[in-house]
Every structure is written in C-alpha cells, then in structure tokens.
Amino acid sequence: MGDKHVGRRRLLQLGAAAGAGSLLPAAGPTGAAHARDRARAPFRPPAVPLAVRSPYLSTWLAADNLPGSWPTFWTGRVTAMTGLATIDGTPYLFLGSPGSPTPHPFATMRQTGLTATATRSEFVLRQAGVELTVTFLSPVTPGDLRRQSQPLSYVSVTARSVDGADHRVAVYFDVSGEWASGDSRRPITWEQSTAAGVVSLSFAQSEPRVLGETADAAQWGTVVLSSPQRAGLTWQIGPDGDVRARGAAHGTLLNTVDGDKPRPIDDRYPVFAFGQDLGTVGAARSAPFVISIGLIREPAVSYLGEHLPPLWKSYWPDWPAMVGAFHADFAAADRRGARLDAKIEADATRAGGAEYAALCALAFRQAYAATELVSRGGKPWAFLKEISSNGNMQTVDVMYPSMPVFLYADPGYLGLLLAPLLDYVENHAYPKEFAPHDLGASYPNATGHLGGTGEEDMPVEESANMLIMVAAYLERIPAAQRTAFVGAHYPILAQWADYLVANALDPDLQNQTDDFTGFIAHSVNLALKGIVGIGAMSLIAGYAGRTTTYLATAREYIARWQALATDPSGEHLKLAYDLDGTWSLKYNGYADELLGLGLVPASVARTEAAWYLRRAATEGVPLDIRHTYTKADWEMWTAAWLKDHREVRDLLIGGLYAFADTTAQRVPLTDWYDVVTNRQQGFQARPVVGGCFALLTVS
C-alpha cells in the first residue's frame, strides 16, 4: 500500500499481560442493530459520484443537495459545475454555488429526491410548478472494452410540469476551467468545434506537462464538454460572471468564444456553457438535454519508458469521432446501465440485504474509476492508480482487495490488470524471487524497480496476492484462455509459490498490506494468506495438467498454523504467534472460501465469528486489538468468509452501512475509519471498496 501521508507505526508489543480485552466500550448497539433502530430513510452517501470514470475524471458532490455546493475532484478541490433552470422567465439554481449577477442570491430549486445506483446518481428537484430530473450516468460496461475505453460521462436533464399548467423551460449548464488542472494559476486555452452532429467546447493547458500530475490531477490532456446539435441549443465560452449572467437573464447564450486566451484559470474563471431551450413543458417529460464531459489524454500512461495510447484509439481515429459515438449511444447506454443497476441491486439484496446492496452500488463506480484501459502493441491492458494513499501504479495489494468487484462483474478485466505485472517480471529481468509491490512510485509512470531498490517489498503478501488473484481469474474464464494463460506464465507463478512454501508458514519481520500498522513478524493473518496462496498454486498447477505437492503442503501448513495461531484461551486466533492475548480480523479466510480450497477448519470460522461479535462497536469491528480503526474492505471480506454465520455477517455489513450513512466526513467512500468515533482515519476514493462485492463472489 505504501502510504506516504501516514507515519509508520511500530508494532505494539502486546503480550499475554495485555489480555484479549477490547479497546472498545462494552455497551452500545452493533452496526446492524444501529441501522435497524434508525427510522428507515434513503441511504445518504458520504459523497455522491457525479462524473466518475477514471483516475483523472472523478468529480463528486460532498453534500446532500445538488444546489448550494460546488462539485469537487476526489481530493476536495473544486471542479465547478453550474446549472440553472429558467422557468417562465425566472432562473432557479439546481447545481453548484455561483454568485448571482443581481444583489440577491439565485432562487434555488428544492431537491425532493436522490437515488444513487451502481452507474448513476439521479437528483429530482422542484420549483415553480416544474420537476427537473438531473442524472449523472457514468456508463461502466463490463465485458465491453470498446465502450469501457471511452473516458466520458453523461449528464442529462429532463423537465415536466407537476401543477397541471404548461411552463416555458430552458436549462443552462457549465463547467469551469478548474477541470483542466490541479493548479488554478495554470494558463489554459480553448476552442469550439462541431463534428458528427455534436457541438464540443474543449479546453486544455497551454503549457502542458505530459504524464505529469499536480495535486493528483493530470497536467496534460483536453477537457471536452459536448452536446448534440438540436433546435434551441446555444453555447458560449467566457468569464464565469458574464456567461452565467447571460444564461440567467436570457435563457440563451451567444455562440461566442472568448478571444482572451490563453490565460490562467483563476483569471476571470473561464467557463464552458451550453443552454438548451426545452420549449413548453407539460405533464409529459421532456426529451433529455444530454451533455457529456470527458478528459482526453494522449498518451494515457508510460510503461518502462514506452508511451501507451488510450484503448479508445483502437476504435476511433480521433476524439471527435469517439465523442460522436458516445452521444449516438446514449439511449442504449441508459438502458444498459439500468439493467446493470437492477442486476447488482437484486444480486446484492439476495446475498446480504438492502444495506449491502446500497454499499455495492456506492462502491461500483469508485472501484472502476481508479482504472483505465490502454493499448500495448495492439493488445488491451488495464492500469490502476493507488488513489489517495500514495499514488503508486498497479499496486498489487490494492488490486487484491479490489478483486471481488472485477470477479463479479467482469473477470476478464482482472486479467487485463494482471497482464502488465506479468509482463514486467517475465520480460524485463525483475531481480527478486518474490512478486513485486507495484510498477512505479507515481501514476501514470510505470518506471518499475528493476534496479532492485526503491520498492516497498511485501514478499509473502504480494506473492500470495498474485497467486490468489490468478487462480480466481482462471476459474472464471473459458478453458482455452485458461490453458493458454497457464502455459505462458507457469514458471513465474511456480517461483512465487515455492517462495511461499519456504517462507509463508511463519513469516519473518515483513511489511504487509496494512502497512500503516507497521512491519510485523509471525503474523497469523499473513501466514494464512501465504498458505492459501500455496493452495491457489495447486489449482493453477491442475489447470496446467501438472501433479504437484502444493495442496498437500497447504493442508500440512494449515494444521500447524491453527496450533500456532490459537490463543491459550481458546476463544480466538492471535495477531501474531508470539503475542498471546491479541487478535485481529482474519479476512484472508475469504480467499480460502473464494477458491473452494477448504483449508480453514469450520471450527476456526465459528470461533472467530463468535469473537468478532464480542468486539463490535457501533460502526463495525476493529482491524485488530491495537486500534479502534478498521478497514472497510477487510470487513466485507470477513463478512463473505463468515457468510454462514449470519449474525456476524450482518453486523459487519450494518456497521459499514451505518458509518457511510452518518459520518461527518463528506468524501468519496473511505476504506479506513474509526468504529468508535465514526470518523475517517485516512484514505478516500480508493478502488479497494470493490471488496464490498466479496459476498457476491461466494453466494
């Protein structure tokens, strides 16, 4: 994980004298009980995803209501959007927090509903006899690389009368130059163009730094705001105050481009605006006013010095053609998204209830948006950014907790994420016997660590992670692909498995994925992961038609592990073999369940389930005895492992739901929070929330 923003903590030497007592108060309802005790109300996301498609196209609403707050990048930096609805000549604010051109603030539409599904966030607002529906659709398309490669997101607006009278309605929408950089002092330039029946307003830094970042934002690429040509569509590029005043006063724009360019973003804040006259609106819903917003970057990433293009370039010659196809596909995309939303809701509700379904819906876009598709030698690859913790590229122990969402939605996508890592170690003289931690210290540059230094080594952790992910991937792909994969990669996978055979049963002082807790020796949970990794290799060997001793070794090790790990009290497993009276969430039991290895005895699961029930606070179960914080991804992995123990499963789901629904930290869902204070401990917008889908992979 390699968090640069969190100081390393020395492992607390908790011995038998510390006992197994919890750091938590004994009283208080569990998360599930807390959720049930509240009056039933719609789920309140800590931040609502708006345009969330890639590591650099990730804008959220850190509030309950669409009007009154600026949308922000996942870091909290403003990426302004403004929406006005002019109803019978009077402008009403429905999006953003702009100043008014008059001495009085804008009258505001009243939000009456918010629905956040896996692919969309839909806001319903009313004012002056008109109901406006504003939908932000980020069209995740599992199994369809062509569509998934488009770095674009939809916004659509419809209107209808709700008072029995007809109304004249016009809609204004803009974005600011703040979308182009993490530094508002940077100069940008812009233009308007029309192609394939679509009007586009595009802007970019006039002095870009290709493959550079500032405040986690890309310092190169073109922001493109587009809308299909139709009667009543107008547009304008100019200073925010001037353009918004024009839209508010007239409901139409001037179709003009500000000639004072390039200039800094914070110099009269240029905005890029569309206006759409919806005409007379009655009880029937108007045709949608559809806008797309995207960030077009070429190259997309660098891999060991090779600039790789975005995958969409394999399908379209240029971005105007790609944007045109995106708009032509809107109606179909809307239907596909609705079907996917319904499937995820139904599957998740069946597996874990309504609260679990809400968590899966919130996690889906966030997990996918940490990744993007590129082309390498004509073949698709997917890259992942370790968002918010340190920005590493293709971090193995971030892919690992994210894995369940890809196994559920599109196992082939997991294969595309694994491909660069396997190429790196097999074809570029990677010097270590165990699996790498990442492909580079700073996204989007996969510079590697081929010199053997500068990497955050996690030897048992990453070797087992890779083997478990590969085995899970192979179980879910067609036989012919499986045979080709194991034939191509068997030697390196066996090398990692042999490292685990020699080192996993009793790991020495090593770093592991929860690196914010510090290095640990004799870790019970890390040993479990390593043993399951050996078991995973037995499956891989089977697919290769090889007879091996990996499964026998894993079974031998798990018996020894249980004896070493069980606390003298018999009530739970320990944090480390040599630390009696300690405990931790044994979330790696999920990997055993996922692969169907049957290594962890049922008696261990029963004992741990009972113990976690006794350690619970209002918003979940701590990660271990040393702190009151937990990890959301590991809670959901634990719930999946203990799915047959309904009380603890529901407690873990209910605790995370209660936290997300009530926490005061309005950020994209964190995976690291305190179960007592109900506060974010760190991290946000990370793909590891894909771990919410763990239960769906074993149900």
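Visitor: What percentage of the 699 residues of the chain count as buried?

Guide: In this predicted model, 64% of the 699 residues count as buried, where buried means under 20% relative accessible area with a 1.4 Å probe, protein chains only. Residues are numbered from 1 along each chain as its sequence is written, and side-chain values use heavy atoms, without hydrogens and water. Local features need pLDDT of at least 70 and side-chain atom pairs count only at pLDDT 80 or more, whereas totals for chains, interfaces and linings use all residues.

Visitor: Where is Q684 placed?

Guide: Q684 is in the loop between β29 (680-682) and α17 (694-698); strands are DSSP runs of E with at least two residues, and helices are runs of H or I with at least four, numbered from the N terminus.

Visitor: Is Q684 buried or exposed?

Guide: Q684 is buried, with a relative accessible area of 13%.

Visitor: Which residues does Q684 touch, not counting those up to four places away in sequence?

Guide: Q684 touches W74, T75, I387, S388, V667, P668, L669 and T670, a contact being heavy atoms within 4.5 Å.

Visitor: Turning to β24, how many of its residues are buried?

Guide: Six of the six residues of β24 (residues 371-376) are buried. T371, L373 and S375 lie on one side, and E372, V374 and R376 on the other.

Visitor: In which sense do β24 and β25 pair?

Guide: The two strands pair in the antiparallel sense over six bridges; pairing requires at least two bridges found by DSSP. E372 stands opposite F383 in β25.

How values were computed:
Buried < 20%, exposed > 50% of the residue type's maximum accessible area, 1.4 Å probe, protein only.
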